[in-house]
Amino acid sequence: MKVIGITGGVGAGKSALLQYIGEKYRCMILLADEIAHKVEEPGQVCYQELVRLFSPEILNEDGTIHKGKMAARIFESEELLQKVNELIHPAVKMRILDEIAAARAEGKLDFLFVEAALLIEDGYLDIVDEMWYIYAREEVRIRRLRESRNYTDEKIHAIMKSQLQEEEFRKYCSVVIDNSGDLPAAFRQIDRKLGEYL
């Protein structure tokens, strides 16, 4: 089983490509964002710490964390953001390592994909067998974010500025999938690459 990290800037189309991979190949896809939400649920590893950090004021009536209230507090404080990241990122990484170990032990999959915006920054290079960079030209990404998420130009540029630049992604990724055009063109690149391993 090959473990492949999937990364790339916002609007590059990672989700659409992973959906295709998930439907076509014997694989598991782990999304760091989804796992981050899971580790914040009641009874999970980060829940008590988050409540302690923010006070029970961030809770919904059912005891779950109100994402909006927590996000608003984080937005106001760089220090809080750092504390939350120091809590969540290691927990997410631990969960991903557990999933990889379980999948390896079961031995039924050809591939396991890990998708996260911060794969490179958070030290996943030593966890995955190879890193893929999903690339799309900047103007294409801006158009997609305007159309699909209704983001303002200001928000788009703020997010892009906070992410790694193209040369950094290319430095750490051994495979580049160009998703600037239509999806079938990107699918063909994926099939060609994964076909080499099967």
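Analyst: Let us start with burial: buried means under 20% relative accessible area, exposed means over 50%, and partly exposed lies in between (1.4 Å probe, protein chains only). This is a predicted model, where local features need pLDDT of at least 70, side-chain atom pairs count only at pLDDT 80 or more, and totals for chains, interfaces and linings use all residues. Residues are numbered from 1 along each chain as its sequence is written, and side-chain values use heavy atoms, with hydrogens and water left out.

User: Why is cysteine 27 called buried?

Analyst: Its relative accessibility is 16%, and the cut-off is under 20%, so cysteine 27 counts as buried.

User: What makes cysteine 46 buried?

Analyst: Cysteine 46 has 1% relative accessibility, so it counts as buried too.

User: How many disulfides are there?

Analyst: A disulfide is a pair of cysteine sulfur atoms within 2.5 Å. By this rule there are zero. For cysteine 27, the nearest cysteine sulfur belongs to cysteine 173 and is 18 Å away.

User: Why is strand 4 described as largely enclosed?

Analyst: Strands (E, at least two residues) and helices (H or I, at least four) are DSSP runs, numbered from the N terminus. In strand 4, residues 130–135, six of the six residues are buried, so the rest of the structure largely encloses it. Glu130, Trp132 and Ile134 cover one side, with Met131, Tyr133 and Tyr135 on the other.

User: How do you know that strand 4 pairs with strand 1?

Analyst: Pairing requires at least two bridges found by DSSP. Strand 1 and strand 4 have four, in the parallel sense, with glycine 5 opposite methionine 131.
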